[in-house]
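Let's take a walk through this structure together, beginning at the ligand and ending at a helix.

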Amino acid sequence: MLGLMQEWPLLCHKLIDNAERQHGGREIVSRSIEGPIVRTTYADIHRRARQVAQRLEQDGFGLGDRIATLAWNTARHIEAWYGIMGIGAIYHTLNPRLFPEQIAWIMSNAGDKGIFVDLTFVPLLEKIAGSVPSLRKVIVLTDQAHMPRTTLPGAVAYEEWLAEADGAFAWRTFDENTAAGMCYTSGTTGDPKGVLYSHRSNVLHAMIAAMPDAMGISARDVVLPVVPMFHANAWGLAQSTPMVGAKLVMPGCKMDGASIYELLDSEKVTFSAAVPTVWMMLLQYLEETGNMLPNLRKVVIGGAACPRAVISKYQDKYGVEVVHAWGMTEMSPLGTLCTMKPQYETLEGEARLDAQCKQGYAPFGVEMKVTDDDDKALPWDGHTFGRLKVRGPAVARAYYGGAGAEQFDAEGWFDTGDVAHIDAGGYMQITDRAKDVIKSGGEWISTIDLENLAVGHPDVAEAAAIGVQHSKWGERPLLVVVRKPGKEPSRDEILDFMRGKVAKWWMPDDVAFVAEIPHTATGKIQKTTLRQQFRDYRLPTD
Ligand code: AMP
């Protein structure tokens with residue numbers, strides 16, 4: 001027997017409809033690419049998104065068309081997303097930090113027909129547009145007065161293009177499983193792979209993200225997503241913030257400490273989310289200026305392991321609660337968040353920090369397990385580590401075009417490629433990427449643990465641990481270190497600092513100092529490049 005409840009497909013435009021009806025006057029504040037701070041409201045966004053939808057249909061776009069965005073976090077970018085989704089087309093976020101050839105490859109692979117592009121990226125698009133055969137429409141996110149001279153054929157200024165639609169438009173309806181958005185994984189090895197979100201997965205993910213023990217945002221919050229919309233959907237904030245009706249503050253292209261601080265302060269931001277490097281940059285700014293963060297209540301830090309020292313500084317000195325989180329593009333992206341269950345809530349000091357260094361537990365909507373190489377589930381004991389696998393309504397079940405099929409099994413589990421352990425309380429801790437883990441004498445050494453420990457040294461700016469060939473052990477750890485400006489810690493000082501804090505056989509065999517550690521387009525340490533760089537390194541122990 002079927003239930004007798006209404007069919008109410010989970011479509012993304014319902015989020016913005018609700019924001020307009022319930023929170024229409026709530027502000028969206030953007031640092032525009034042209035420079036000034038621009039203020040709009042959910043009512044404005046709702047109206048303009050329908051204009052985008054109507055105008056796209058006038059240009060012949062429709063159901064299933066991929067329309068790219070190459071843009072920073074601004075209100076215009078949000079309008080473009082909702083307008084695209086509202087006709088059943090698919091927003092496809094492009095990461096501008098990738099190499100131009102990679103972006104062209106991704107656009108061609110996706111078959112992008114149109115693109116919304118920020119002023120900043122017009123020169124980049126000029127370089128690659130000719131190699132994307134499917135591309136037939138370029139909309140520059142600005143007005144005629146700021147429109148640059150461009151070689152892009154038929155490029156139009158967004159505001160004038162938009163003004164040609166009156167907004168008398170009803171969202172198209174379709175099945176909730178229709179594709180809504182697309183994002184390619186950063187692809188540190190092999191070609192990038194396309195993840196295709198659906199309306200249903202985006203709406204469910206927005207609900208999962210907003211829950212009190214996940215990000216925990218409400219109508220009373222002022223949310224600043226520093227994490228870009230092109231990095232895994234701004235971690236769902238472009239959907240969960242309108243869903244709850246929080247005020248939204250968009251940083252545009254200025255992500256340095258001073259610019260972020262200015263917005264945090266002037267807009268009284270209560271909640272923010274970004275990768276660790278952003279929070280480290282802001283810390284440096286705060287320390288230099290002596291500024292404090294009286295309004296900021298909570299920050300979510302993820303995308304890479306958050307150093308313990310960063311968590312404790314924000315909490316102890318600035319009174320900001322830190323929620324460490326883990327996720328991936330394939331998971332929309334939230335996987336786990338380190339909020340406190342009752343048994344952890346009473347922890348204090350170092351014990352609390354120990355718990356917070358874990359990536360946390362999975363909210364309802366994410367199932368996880370760790371397995372050995374034979375796919376046998378491993379115990380949740382807080383130390384046995386293995387491959388982390390996940391499933392849920394906002395987790396990919398395949399990549400676009402069938403790439404990477406080996407990562408999905410018949411029971412619906414997705415192999416994340418991360419190595420982790422889970423404790424009896426359900427808290428997961430990432431110990432490595434499967435391809436980065438150091439295999440010494442058949443046993444695994446966690447590079448993330450070594451790195452976190454090393455950056456706790458006051459004179460170390462950044463550290464990366466990699467496996468280097470060793471005739472007896474197969475591989476042994478080498479610690480690659482960037483020193484803080486003006487500091488000269490020696491190899492032995494760093495090793496002495498680490499000694500006793502990890503198992504003896506995990507200790508790096510050597511330390512190499514470099515001026516810079518290479519990063520991927522999403523801010524992760526590029527281990528493949530580092531391993532290449534130190535391919536012929538001879539360890540003193542060998
Ligand atoms: P992306 O799809 O670019 O967001 O990358 C996802 C990957 O980033 C994950 O599979 C992890 O390897 C890594 N990652 C994300 N969050 C964390 C975290 N809190 N700690 C350690 N690694 C993380």
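**Around the ligand, then on to a helix**

Of the 16 residues around the ligand, those that come nearest are A325, T329, Q359, D418 and R433. Keep in mind as you look that this is a predicted model. Sorted by class, the shell around the ligand holds 8 polar, 5 nonpolar and 3 charged residues. Strand β14, which spans residues 321-327, supplies the largest share of that shell, with 4 residues.

In the side chain of D418, an N or O atom sits 2.6 Å from an oxygen atom of the ligand. How much of the ligand's accessible area does the protein cover? On its own the ligand has 500 Å² of accessible area, and the protein covers 93% of that.

Next, please find helix α4, residues 100-110. Here I103, A104, I106, M107 and A110 are buried. Why do these residues lie on the same side of α4? They cover an arc of only 160° around the axis, and that puts them on the same side of the helix. The cover over these buried residues includes strands β3 (66-70), β4 (90-93), β5 (114-117) and β8 (179-184), along with helix α5 (122-128). Following α4 comes G111, which has a positive phi, near 70°.

Note on methods. Residues are numbered from 1 along each chain as its sequence is written. This is a predicted model: local features need pLDDT of at least 70, side-chain atom pairs count only at pLDDT 80 or more; totals for chains, interfaces and linings use all residues. Side-chain values use heavy atoms; hydrogens and water are left out. Buried means under 20% relative accessible area, exposed over 50%, partly exposed in between (1.4 Å probe, protein chains only). Helices (H or I, at least four residues) and strands (E, at least two) are DSSP runs, numbered from the N terminus. The arc is that of the directions from the helix axis to the C-beta atoms. Contact means heavy atoms within 4.5 Å. A residue is near a molecule or strand if one of its heavy atoms lies within 4 Å of it. A polar contact is a pair of N or O atoms within 3.5 Å; within protein, one must be able to donate a hydrogen and the other to accept it, and residues adjacent in sequence count only if both atoms are side-chain atoms. Accessible areas come from the Shrake-Rupley method with a 1.4 Å probe; for residues, only the protein chains shown count as cover. Ala, Val, Leu, Ile, Met, Phe, Trp, Tyr, Cys and Pro count as nonpolar, Asp, Glu, Lys and Arg as charged, and the others, Gly among them, as polar.
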